[in-house]
Amino acid sequence: MNLDVENGSFSYVSGTPVIKQLDFHAASGQLIAILGPNGAGKTTLLRCIMGLLKWDGGTSTLNGQEIAKMSSKKLWQQVSYVPQARGAFASLTVEDMILLGCTSRIGLFATPGEKERQLVADLVEELGIQRLLYKNCSEISGGELQMVLIARAMAAQPQLLILDEPESNLDFKNQLIVLDTMTKLANEGICCIFNTHYPNHALMRASQSLILQKGGDSIFGDTTEVVTESNIEEAFGVEAVIGEIETPGQIYQSVMPLRVTEKNGVCEKAKPSHITQIATISIIVSDPALSEKINALLHNYRDYIVGRMGLPYVQGGVSIINITLDAPIEKITALTHQIDILPDVNVKTTVAKKVVPVG
Ligand SMILES: Nc1ncnc2c1ncn2[C@@H]1O[C@H](COP(=O)(O)OP(=O)(O)OP(=O)(O)O)[C@@H](O)[C@H]1O
């Protein structure tokens, strides 16, 4: 699956752009976060991508085919959308609401069979909402409805899952369930794109991020080059620090907002360093199926890798990979992050104090 937005521009009112000349690429297996202040245009962007709003200029294509020219049947067989869980919802049971997600595959007037009911049972179990199955959607909370809408979208078994603030409204546990579910789907090859108000969630899970600013400017790339302290300040007008929280199993990056600065400049990707540093990255993988994904990631950084040692420790049920890099710090950080967001992988990077000027 490949989704491409080329030169996308949109405004509701002529002369007041919401999105300006956006270029954006998403592929199977990616989990992509879209960030930006309230009213920047994140929902508008999702709606433009899916053809629910018409770009003023530019196109979205899915596997090379322009979305605006696709039949809605063909589009919704491949794409599922989870809108924000606001407003009134039809008086359906949770089970029937989730079964609706199957209609793009089995047809609107077909009766769902045992296979579809089993799929719904599996989904509610995965999302921890079994207790809601026979309740009415009008009698559940906003957060519960959010989980039901995610289950409905997953029931369609899409190639591309687009979610508008899926973790808003949810408590810590359900936020993690949603993040884990999106991560799992991405690792199964689905592409997930989600709007979020949590830069931490982008840092924890997203391989790529897009920040949309008020006025339509945007920046897109690897999460570590986009979700930076300076871009948070430019886009949100908030001074913030990105720190690390170390647990025995993992190091997490976390954003702490400090104060309102009202700065409102243009976001930029982190500038490449003119020095390289020697670093070792130690990886412990407990799921052998992930080795292929890690190899593909390492291949992208092959120009910087100066040493590599793999040690399958079968008795312990893990594989240990040690990588030595000579690379600009942002490449070291980016590779560490790409590995870190994989499930069942521990990664630890040590950077040597000596720095080497490039050239
Ligand atoms: N149908 C509409 N007609 C005119 N203006 C609109 C319409 N929908 C949204 N807007 C405006 O477009 C801008 C972007 O709105 P949008 O909902 O896409 O932002 P958002 O980034 O998703 O916001 P939030 O984070 O608050 O959910 C806002 O200024 C909003 O007021």
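This is a predicted model: local features need pLDDT of at least 70, side-chain atom pairs count only at pLDDT 80 or more; totals for chains, interfaces and linings use all residues.
Which residue forms a salt bridge with E246?

1. The partner of E246 is K348, and their closest N and O atoms are 2.6 Å apart. E246 is exposed, with a relative accessible area of 53%, while K348 is partly exposed at 40%.

2. In total, the structure holds ten salt bridges. One of them pairs D217 with K20, at 3.8 Å between the closest N and O atoms. Here D217 sits in the loop between β9 (208-212) and β10 (218-222), and K20 in strand β2 (residues 19-27), 197 residues apart. Both count as partly exposed, D217 at 30% and K20 at 34%.

3. R131 and E144 also meet in a salt bridge, 3.4 Å from N to O. Because R131 lies in the loop between α5 (114-126) and α6 (142-155) and E144 in helix α6, the pair ties together parts 13 residues apart in sequence. R131 is exposed, at 56%.

4. Do look at E126, K184 and E188 as well, which are linked in a network of salt bridges.

5. Now for the ligand. Among the residues around it are Y12, K42, Q84, E165 and H197; by class, the shell has three nonpolar, seven polar and two charged residues. Oxygen atoms of the ligand lie 2.7 Å from a polar side-chain atom of K42, 2.9 Å from a polar backbone atom of G41 and 3.3 Å from a side-chain N or O atom of E165. Taken alone, the ligand exposes 640 Å², of which the protein buries 56%.

Key. Residues are numbered from 1 along each chain as its sequence is written. Side-chain values use heavy atoms; hydrogens and water are left out. A residue is near a molecule or strand if one of its heavy atoms lies within 4 Å of it. A polar contact is a pair of N or O atoms within 3.5 Å; within protein, one must be able to donate a hydrogen and the other to accept it, and residues adjacent in sequence count only if both atoms are side-chain atoms. Accessible areas come from the Shrake-Rupley method with a 1.4 Å probe; for residues, only the protein chains shown count as cover. Ala, Val, Leu, Ile, Met, Phe, Trp, Tyr, Cys and Pro count as nonpolar, Asp, Glu, Lys and Arg as charged, and the others, Gly among them, as polar. A salt bridge is a side-chain nitrogen of Lys or Arg within 4 Å of a carboxyl oxygen of Asp or Glu. Helices (H or I, at least four residues) and strands (E, at least two) are DSSP runs, numbered from the N terminus. Buried means under 20% relative accessible area, exposed over 50%, partly exposed in between (1.4 Å probe, protein chains only).
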